[in-house]
Amino acid sequence: MTLRNRQNLKLAAVSAVLLALIGMTVLAPWLAPCDPLAIDMSNCLAPPGRAHLLGTDALGRDVLSRVIHGGRASLLLAAAATSLSMCAGLVIGIAAGYCGGIVDAAITGVSNIFQGLPGMVVMIALVGVLGSNTRSIILALVLTSWVGFSRLVRGEVLKIKAEPYIEGMRGLGAGHLRIILRHVMPNIRTNLIILFTTRVGRVILSVAGLSYLSLGIQPPTPDWGEMISGTARRYFRSAPHLLWAPGICIILLTLSIHVLGDLLRDRLDVKQDAVKEL
Amino acid sequence: MAILTYTGRRLLMLIPVLLGISLAAFLLGRIAPGDPVDEALFRIGVEFPTEEDRAEMRAQLGLDRPLPAQYLDWVGRALRGDLGRSYVGNRDIARELMTRLPITLEVSLAALAAAVVFGVGGGVLMAAFHGTWVDTVLKALSTLLLSVPGFWLALFLITVFAEQLHLLPTSGLDRGLASLVLPAVALSAANVGSTSRFTRGNILAQLGEQYIVAANAKGLSQKAVMLGHAFRNSLVPIITLIGNYFGGILGGSTIIENIFAIPGLGSYVLSAIQNRDYPVIQGYVLVTGATFVLITLAIDLLYLAVNPKIRIQGGES
Amino acid sequence: MNKRLGTLLLSAACALSLALSGCGGDAASTPPPVSGTDPAAAQTPQAQPDQTREIAFAASRDQCPGEQDAYYASMSLGVWEPLVTKNEDGTPAPALAERWEHNEDATVWTFHLREGVTFSNGAPFDADIVLANFERMKKGPFDSSFYGLNIDTIYPGLLSCEKTDDFTVVLTLAEGQPLLDYTMVNYGSAMFEPSCFAGDGSFAGFPIGTGPYMVKENVLGQYCVIERNDAYWGTPGIAQTFRFKVIPDTETRYAALRAGEVQGLCDLGAISPAQAAELEGDSAYRVSVGDSGITHFLNVNGGAFPFDDLRMREGLSLLLDRQTIIDRFYNGYGLAAGGFLSYTSAFYAEQPVRYDPEQGAALIRQAVGDQPVELLFLLPNGDVNRYPYQEEAEYIQALLENIEGTNIKVQIRLMDWGPCKDEMKAGNYNMCLKIQGLPSANPFSLFRNFMHTEGSTNLNYGLGYHNDHVDALIEEAAVCLDARRLGEIYAELQAISAEDFPNLPVLYSQEVVASSSAITGYQADVYGLTGYTQVCWAQ
């Protein structure tokens, strides 16, 4: 019981941090003291002080306001890209597992190919070639991460399909769609949720990695990943205040997502190896 | 016998996968909008290309033929070990990749070693001190490692260990093993995090199994139980997991190689992407893809050799 | 509405304060073209330090790009030397050619070679060597990471290259080239010992030149080592060996300097302005600022609305507070640019730098009115990594978006140079920041490429610039045989560039390099004959 209580406490704490971060980004326009885009060339690289609690950046913009706004782009992007990969993985995985035969063989073959491609490079190449806009970043993310979802889904579907009661349902004349919706989906839900959280964390870091190559979220949109790894990293010695706050935010975000994933795993009693690390 | 059939089937399945990777590699180099011809001309000093110049260069680069023909031609030559010449610098790509592959493999192996030493070591420690503060601290640390952006960690490591403490070189490869430490640690950080958590979970799960209870009943000390049984039994899935990381490390070295000035595959493909050096991008994806697939296969077979009891089913490992 | 007014007031106040501070700081913030201590004075220590110890430098790219490069090594290493080099004012100066003259219509050029020069392998330098080098050039064109080598560009219409005696070479051209010696400066007339060439004109092994240093070791992508040539014909180097490491990442490069792994940072973008500012206060390091032929341009799409309107181009130029850009983002390294041609060119004619935000805003208002305008601002990645382009672009974005009475939106997009160029060529952009170097001491090709209606850069960058008078001037220059008249044409073109804006010059770059105080004599002198000969261990 105490273990359960401790877990509940942890879950509450992590959810609070996550909600706070998400709340901050959602309410950013009302929370931020200044316009995150308003430049003030007479007050560049000011250290933290009373006028600007976290100082100003190279263009004299208020760092605090930029940090408050900074989660929007990456959170939205990560959520959108991961949801899309999940949907794609779901459809493809169910198709493969449920249909079996040639469809399964073809899909397995294709996913083997995608797994053989170096993810980060495909991402950099695609974004570099197609131009760094939200659309191509999402495309690159989906292309490099649908396989994880589809493999998971396929495996689970195969397991469920082998259950005798499904045969029975079929015999009773239940439609495929009904079986998928009523019996397959509920069984893979928990694993999907966990994989989803892990992926979101990864994706946020990948997009920050793209920013290191100037291929991430485009300026002047304030973004944590961009603020720590874009051109601002040049100031990490001379004006470290530019990097600390967004860095802490991004670490806090991914950290809480990871811990949440862990707790869910424990809580929903999922076997460790069911969700292989991607 | 089953093992032989299984191996044979896996090898056969390799062919379509490799072909698929080659197709993807080829297309990756072709989806770019725009034309490498003008750039190639500019690089040799032709500032005012006429249509004739362009046509000639296009023919010289083999870009004037239909796409399927280009693909077949490319694959055919790739099979013979010829990946063409780079647009930038006119170098033999296959040779360039082969001189760089060992460097990347070296760094990747060092990263893998770091993942094993710190990951498995940390996991065992956590399991051994399960429930104490050591477990809590290490667990927090491993989760933190999963959450720190790789280049940030790299920058931090360089500042502390090279610039402040002068213990290790900032970059390059000219100091032997010492040069490998920082890139390996930066590259493996996330994997150290997940390996240690995975190891811990596995050992703890094993500790719950029946026969451990039996071993305890025989009067062995608890530590011996852990090392003797639980660890050995959980080693196999851990090996597979670490093997899986190899692909990620191989592909993830792009940014790390650039930061640490390591002339491996990653930094090569990065500059190729920036210069739109199609043949290099294609060659890179082909070589890394093939390396990864082969290594995965090798690990699967190794896994099989270590643990023949495993059920061989489907193409799934 | 309120917020908009606020930002406007804020930027107005900001502009005012900057204008005020700019007045006082102008003289002080313009560094002299060459600074740093005199190397000759610094090299007479009482107890000689051990100069056989290797000195290490770091750069973002290979200083010896190797056998497939037209020159194998950067000229600054001092491995090879050209026939013609240049003075500080950009005019041609003797190197391996002691003097030269040409006939009236500049079709026949006679070069008198320096006698007593030997290559690092002992072979003597004479007219036969020059002929062999021309033969090799004809096998080109050759690719290079410095400047591509194409004999048709450097020696247009070359009919023959003959020797009249062992130390005299005569070049005969189909058409007069009164500025041939300008085009030949440095990379245009590199001389190698022919035995180091492979059959196809690339290098077979290390290059052999007449310079003060020789390549001793070269691992592409990692480092190269050069060693002093003790038999050098001129003033030899002091330090015995140099190692040039390749460290692409600016932060790592800087950390390597601070960690003492390298003694200096060299080549383009050696150190970022923010890092240089940090080192300036530190006596353990020395920052040297020197001339650079590089100009930062704001290229605009003159073929499409709104930059097809001169008022828009002029308005934006007036709006730009160039000195603030230089002071805030470049740590003061650079000169506000008024005209098209770099201040280091021998043909430079100074153009007024005008800053008048009110008039600029008024012009832009006239040009676009209050209709919604969306502008696409491209930034090439390579330059974003080297220069504070992102900050600069965001500043320009803010300037444009805050013009009262207009409704301009600017979208910034970072791209690799390849795709970026495609977008520009296709005209799918409005602005793009890009550097432009001086490919040769003769600015003709620059003028032609950027300003002629059919100019390659004009077309490739989608500048859409067209001016009949400019076309006529450039066509006149192409066949002009009178060097004085050419100078007049170049001056007029610059004057036109400052008023008609084929693109917007922002600033003339200055080369910033850094070294630790363990060594002395290292200066930001990009391509000069002295190279690293003055660089040595300090006391």
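These legends go with a handful of close-ups of a predicted three-chain model, chains A, B and C. Local features need pLDDT of at least 70 and side-chain atom pairs count only at pLDDT 80 or more, while totals for chains, interfaces and linings use all residues. Residues are numbered from 1 along each chain as its sequence is written, chains are lettered from A and ligands numbered from 1 in the order in which they are written.

**View 1. Chain A and its helices.** Chain A has eleven helices and zero strands (both are DSSP runs numbered from the N terminus: helices are H or I with at least four residues, strands are E with at least two). Its C-alpha trace spans about 75 × 50 × 30 Å along the principal axes.

View 2. Helix α9 of chain A covers residues 176–212, 37 residues in total. Its end C-alpha atoms are only 47 Å apart, short of the 54 Å that a straight helix would reach at 1.5 Å a residue (the expected span is 1.5 Å times one less than the number of residues). There's a bend of about 45 degrees at A:Met185, and a proline, A:Pro186, follows within four residues (the bend is the angle between axes fitted to the seven residues ending there and the seven starting there). Just after the helix, A:Ser214 takes a positive phi of about 60 degrees.

**View 3. α9(A) against α11(A).** The axes of α9(A) and α11(A), residues 241–267, come within 8 Å and cross at roughly 165 degrees (axes are lines fitted to C-alpha atoms, for helices over the stretch in contact, and angles run from 0 to 180 degrees between N-to-C directions). That makes the two helices roughly antiparallel (over 145 degrees; under 35 is roughly parallel, 65 to 115 roughly perpendicular and the rest oblique). Their crossing is left-handed (the near helix is turned anticlockwise from the far one by less than a right angle; clockwise would be right-handed). Among the residues that meet are A:Ile193, A:Thr197 and A:Leu205 from α9(A), and A:Ile250, A:Leu253 and A:Arg265 from α11(A) (contact means C-beta atoms, placed from the backbone, within 7 Å). The contact residues divide into eleven nonpolar, six polar and one charged (Ala, Val, Leu, Ile, Met, Phe, Trp, Tyr, Cys and Pro are nonpolar, Asp, Glu, Lys and Arg charged, the others, Gly among them, polar).

**View 4. α14(C) against α16(C).** Over in chain C, the axes of α14 (residues 444–451) and α16 (residues 468–479) come within 10 Å and cross at roughly 150 degrees. These two are therefore roughly antiparallel, and α14(C) passes α16(C) in a left-handed crossing. C:Phe444, C:Phe447, C:Arg448 and C:Met451 meet C:Val470, C:Ile474 and C:Ala477.

**View 5. Where chain C touches its partners.** Chain C puts 34 residues in contact with 34 residues of chain B. On the chain C side, α6(C) gives the largest share, five residues, and the classes come out as 13 nonpolar, 13 polar and eight charged. With chain A, the contact takes 30 residues from chain C and 23 from chain A. That side of chain C has 14 nonpolar, eight polar and eight charged residues.

**View 6. Two backbone details in loops.** A cis peptide bond joins C:Phe305 and C:Pro306, with omega about 0 degrees; C:Pro306 is found in the loop between β14 and α8 of chain C. B:His166 isn't a glycine, yet has a positive phi of about 55 degrees, and this residue lies in the loop between α7 and α8 of chain B.

Notes: Contact = placed C-beta atoms within 7 Å.
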